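Subject: A structure for you to look at

Hi there,

I am passing a structure on to you, with some notes on what turned up in it. Please have a look at it first and then read on.

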Amino acid sequence: MAKELQLDDNGLVARLREPSTCREAFGEVIKLYSEPLYRQIRRMVQSHEDTDDILQNTFLKAWQNIENFRGDAKLSTWLYKIAINESISFLEKERKRRGLSLDDEESNTIALIHADTNIDGDELAQKLREAVATLPEKQRLVFNMRYYDDMKYEKMSEIMGTSVGALKASYHLAVKKIEQYFADSD
Amino acid sequence: MKDILTKVNRNDGMTVPDGYFDDFAARMMAALPERDWEKPQPKVMPRSMWQRVRPYIYLAAMFMGVWCMMKMFDLMRADSSGLSIDNNPVMTAALGNDHFINDYFIKECEVNDYQLMEELYETGFDPSAYDDELFEENADSSAEIPETPEFPLSKI
């Protein structure tokens, strides 16, 4: 995460604002941010195919609203916001489409993790994914950004529009629930 | 719990198909719609001198036309007052002269003798009162008296 924050430079933003260099600069944005955004989305929706669709929608929305990006926030913050909103919208749509309750969704997510062929982790890592999948949506987001991306609470606060204190509390609760999940499964 | 988290690699273990991100960037760039500022702007042809001054020329011509029309109406009004009979002393004198009326005006209007005689009869004219006078005038001449005497307008 620290890597892409460093890439969020003023030069790229300036080129995005210039009509003649905008498309070329956006191409660089895609190359720089597609992987971190992909991982963030994938941890939410689990399926590679769904992640691919959401990632495309994320960049399309960013492109369509590029003139509204004023540079007040960092480029990465703005892109993460779009990606997270797209992920949450997708999960809500899926829930409505399938008529799933929150509990059903949890078991559905675990089923997706088991069915996922694009994995390269040990049993413990797989179990942690399952534990994270049992978390409420917001706690899952906070845990993913803090644990996997090592994101600072201030940055998370900008992306999610929540206070740092609330985020810390949310992460603490998430860790407790994961701990409980491991204790119950042993 | 801390033990578990330290044991688990921070890599989430999720993999992607080979070359996915390179392919994704290319696909994404191709899928980006063209924005307004990227569309080629239509070429604006420079306007010629005539195209620039044409509206002003037309406007000036229109004003000239209106001015000419008003001037013409003004001249016509002045001429009509000059043509009035009351303002023309020659016409007034001519119309006051009986000889002129009889010799030119009535003739010009092609009033024939019959119409004149009819009008005279209506006003109580008696041609027999002039018979002697006519005979005396004709007695000196060798000319024969016509069966249907003519009445010269100048004698009436």
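Chain A has ten helices and zero strands, so its pattern along the sequence is simply α-α-α-α-α-α-α-α-α-α. Of its 186 residues, 30% are buried. If we take the contacts in chain A between residues at least 6 apart in sequence, 63% of them join residues at least 24 apart.

Chain B comes to seven helices and zero strands, in the order α-α-α-α-α-α-α. Buried residues make up 3% of the 156 residues in this chain.

For chain A the mean pLDDT is 84, with 83% of the residues at 70 or more. Helix 4 of chain A has the highest mean among the elements of that chain, 94, while helix 1 (residues 2-7) has the lowest, 44. Over residues 1-6 of chain A the pLDDT stays under 50, and the model has nine contacts beyond four places in sequence for that stretch. Where pLDDT is low, the predicted coordinates should not be read in detail.

Chain B averages a pLDDT of 76, and 68% of its residues score at least 70. Among its elements, helix 2 of chain B has the highest mean pLDDT (92) and helix 7 (residues 131-139) of chain B the lowest (59).

**The core**

Which residues touch the most other members of the largest nonpolar core? The core has 39 residues, and the ones with the most such contacts are Leu37(A), Ile41(A), Leu79(A), Ala83(A), Val132(A) and Val142(A). At least two core residues come from each of helix 3 (22-45), helix 4 (48-64), helix 5 (75-98), helix 7, helix 8, helix 9 and helix 10 of chain A, and also from helix 2 (20-31) of chain B. Helix 3 of chain A gives the most, with nine residues.

Setting aside neighbours within four places in sequence, Ile41(A) is in contact with Thr51(A), Ile54(A), Leu55(A), Ala83(A) and Ser87(A).

**Helix 10 of chain A**

Helix 10 of chain A runs over residues 164-185. At 1.5 Å a residue, its 22 residues should span 32 Å, and this agrees with the 32 Å between its end C-alpha atoms.

Its buried residues are Leu167(A), Ser170(A), Ala174(A) and Ile178(A). These residues cover an arc of only 75 degrees around the axis, so they sit on the same side of helix 10 of chain A. An α-helix has 3.6 residues a turn, so residues three or four places apart point the same way. Among the elements that cover the buried residues of helix 10 are helix 7 (123-133), helix 8 (137-148) and helix 9 (153-160) of chain A.

The face turned away from the buried side carries the exposed residues Gly165(A), His172(A), Lys176(A), Ala183(A) and Asp184(A). His172(A) counts as exposed because it has 12 C-beta neighbours inside 10 Å, and the cut-off for exposed is 12 or fewer. The C-alpha atoms of His172(A) and Phe143(A) are 8.8 Å apart in space, with the two residues 29 apart in sequence.

Most residues other than glycine have a negative phi.

Gln46(A) has a phi near 70 degrees and lies in the loop between helix 3 and helix 4 of chain A. Is Gln46(A) buried or exposed? With 22 other C-beta atoms within 10 Å, Gln46(A) is buried, since 20 or more are needed for that.

Asp150(A) has a positive phi of about 55 degrees, and its place is in the loop between helix 8 and helix 9 of chain A. Asp150(A) has 10 C-beta neighbours inside 10 Å and therefore counts as exposed.

Key:
Residues are numbered from 1 along each chain as its sequence is written. Chains are lettered from A and ligands numbered from 1 in the order in which they are written. This is a predicted model: local features need pLDDT of at least 70, side-chain atom pairs count only at pLDDT 80 or more; totals for chains, interfaces and linings use all residues. Helices (H or I, at least four residues) and strands (E, at least two) are DSSP runs, numbered from the N terminus. The expected span of a helix is 1.5 Å times one less than its number of residues. The arc is that of the directions from the helix axis to the C-beta atoms. Two residues are in contact if their C-beta atoms, placed from the backbone, lie within 7 Å. A nonpolar core is a set of buried Ala, Val, Leu, Ile, Met, Phe, Trp, Tyr and Cys residues joined through C-beta atoms within 7 Å. pLDDT is the predictor's confidence in each residue, from 0 to 100.
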